[in-house]
Every structure is written in structure tokens, then in C-alpha cells.
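Subject: Structure handover

Hi,

Here is the structure we talked about. My notes follow below it.

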Amino acid sequence: MIGMASGARIVLPAEPLSDGATVLRPWRESDIPRLVAICRDEEIMRWTRVPTAYGITAARAWVDESRALVQDGISAPFAIISSTDHELLGSISLVRFTWEHARGEVGYLLAREARGLGHATRALRLICAWGFASLGLERIELLAATGNGASQRVAERAGFTREAVLRSYHMLHEAPFDMVAFGLLPGDAESAGGRSGTGVRADSIGSSADA
Ligand SMILES: CC(C)(COP(=O)(O)OP(=O)(O)OC[C@H]1O[C@@H](n2cnc3c(N)ncnc32)[C@H](O)[C@@H]1OP(=O)(O)O)[C@@H](O)C(=O)NCCC(=O)NCCS
């Protein structure tokens, strides 16, 4: 929140965040095997800093460390869950908070089989609404590689504004990548929701390493 000291404690919502189709909840030990399967994916390797040989150790560290990261005010990580079968679909997190400027960044990824169904857009809207309302953020940033068209579309559908291209901004697999910088303010999110509803087809339901 505004004036929140760095290192301040974040409290994740007591109840999962949900829009009826997509659910965000804290990570659980039982998510580990599926998280490993999700992260062993070409697109995730390509566009995020998720380690290339992703295994049980990395997944366990992610789940185990998530609670401390929340308590230390470093990140707010959520598992993305299907409301229909409660299956783990992906990961979305608010990260890199700059509390003195009430600012954070969002990163996400989805399982290959969960793509094209609107879950990323819905998850993005849910986490941003929560970040504005509960953490007092005044700005949420999203960085997508210039070649990552799917992520850029998701950002736009969730109401983000394309603000700049940051040259050689992220090192991905030891190579510099140009990143499109998007920004979302609380009013943007409201007007995007008002303009187009969920913006997700009615028949459908990513550091980035920080997703
Ligand atoms: C980014 C990601 C979460 C998007 O998931 P998704 O919303 O289910 O993605 P979709 O397949 O529905 O694509 C979203 C939109 O981008 C479009 N798209 C897909 N690939 C594209 C490409 N290469 N270029 C341009 N647009 C593209 C789709 O047509 C769709 O637009 P539409 O709804 O207007 O038709 C998913 O692709 C993913 O997990 N990628 C790997 C990790 C990652 O890149 N994370 C983000 C890092 S910033």
C-alpha cells in the first residue's frame, strides 16, 4: 500500500480469487508434480527465465519459498486453477514491488493445454484487481518479449497500455531480449472491464520466470 515500507508483509486473500471460470489460490505442496509437467514446455523455456531443465527440486523450492516471499513483501504468487475440474493450469505472480511508488510487475505462464481458452486474460484481471484493491498499488507493469505475440495480446485484452520498447532489457538464456513494456492503472482496469466485459469468448472459459 501507499507508504508501505519495503519488506512489508503481504497477506494473500483468505478465499481464492475467482471470476467463475478461472481461480487464483496460493501454492500447495500437491501442485509440485503438475508444475514440473507444465514447465517442461518449449514456449515457457523460450519466453521466461524458468530454468530449462525444470524438475522436482525447482518446483519444490518454488512452492516452499512462496510463503516466505509473501511474508517478506517480495512477491504475491498464485496458482491458476480451473474452476470446473480444479486442475492446476499455470502460474501468475505480482513481483518486483517498489512500495514507495506503489508499483509492481506481473508475470505469468499457462500449461500448453490450457492456452487459447482465456485463462491468462482472466487471471491477469483477477490479480491486478486484487493488487490495486488489497495492496494499494497505483501501477502494475508487464514486460513481454517483442516476439511474444500471445503474451502481448493477453496484456492488451486485460486493458494494459503498450508504453515502450525497452531494448536489450531482459537476459533470456544468456541472450539480450527487447521487451515491450505495458502498464495498467486502476482506472484502466475498470474501463477495460466496462468496455468489453471479460473480453473473453463466452464459449471459452507467463519474469516471467517469476510467473
Ligand atoms: C502467454 C500465455 C500465457 C498466453 O496464453 P493464452 O492467453 O491462452 O494464449 P492464446 O493462445 O489464447 O493467445 C492469446 C492471443 O494471442 C494471439 N497469439 C497467439 N500467438 C501469437 C503470436 N505468435 N503472435 C501474435 N498473436 C498471437 C492469439 O491469437 C490470441 O489472440 P485472440 O484471442 O485475439 O485470438 C501462454 O502462451 C504461455 O504460457 N506462454 C509461455 C509463457 C509466457 O510467454 N509467459 C508470458 C511471459 S511475458
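Start with Leu-124. Leaving aside neighbours within four places in sequence, Leu-124 is in contact with Ile-92, Val-106, Tyr-108, Val-154 and Ala-158 (contact: C-beta atoms, placed from the backbone, within 7 Å).

Two notes on the source. This is a predicted model: local features need pLDDT of at least 70, side-chain atom pairs count only at pLDDT 80 or more, and totals for chains, interfaces and linings use all residues. Residues are numbered from 1 along each chain as its sequence is written.

Leu-124 is also among the residues with the most contacts inside the largest nonpolar core, which has 50 residues (a core: buried Ala, Val, Leu, Ile, Met, Phe, Trp, Tyr and Cys joined through C-beta atoms within 7 Å; buried: 20 or more other C-beta atoms within 10 Å of a residue's own, placed from the backbone). Helix α4 (residues 119-135) gives the most to this core, with 8 residues. Helices (H or I, at least four residues) and strands (E, at least two) are DSSP runs, numbered from the N terminus.

Now the sheet. It is open, with 8 strands in the order β1-β2-β3-β4-β5-β6-β8-β7 and mixed pairing (pairing: at least two DSSP bridges between two strands). The edge strands are β1 (17-18) and β7 (161-172).

Strand β3 (residues 76-82) is largely enclosed by the rest of the structure, because 6 of its 7 residues are buried. β3 pairs antiparallel with β2 (residues 22-25) over 4 bridges. With β4 (residues 88-98), β3 pairs antiparallel over 6 bridges. β3 and β4 form a hairpin with 5 residues between them, and His-86 in the turn has a positive phi of about 65°.

Best wishes

Terms used. Buried ≥ 20, exposed ≤ 12 C-beta atoms within 10 Å, placed from the backbone. Contact = placed C-beta atoms within 7 Å.
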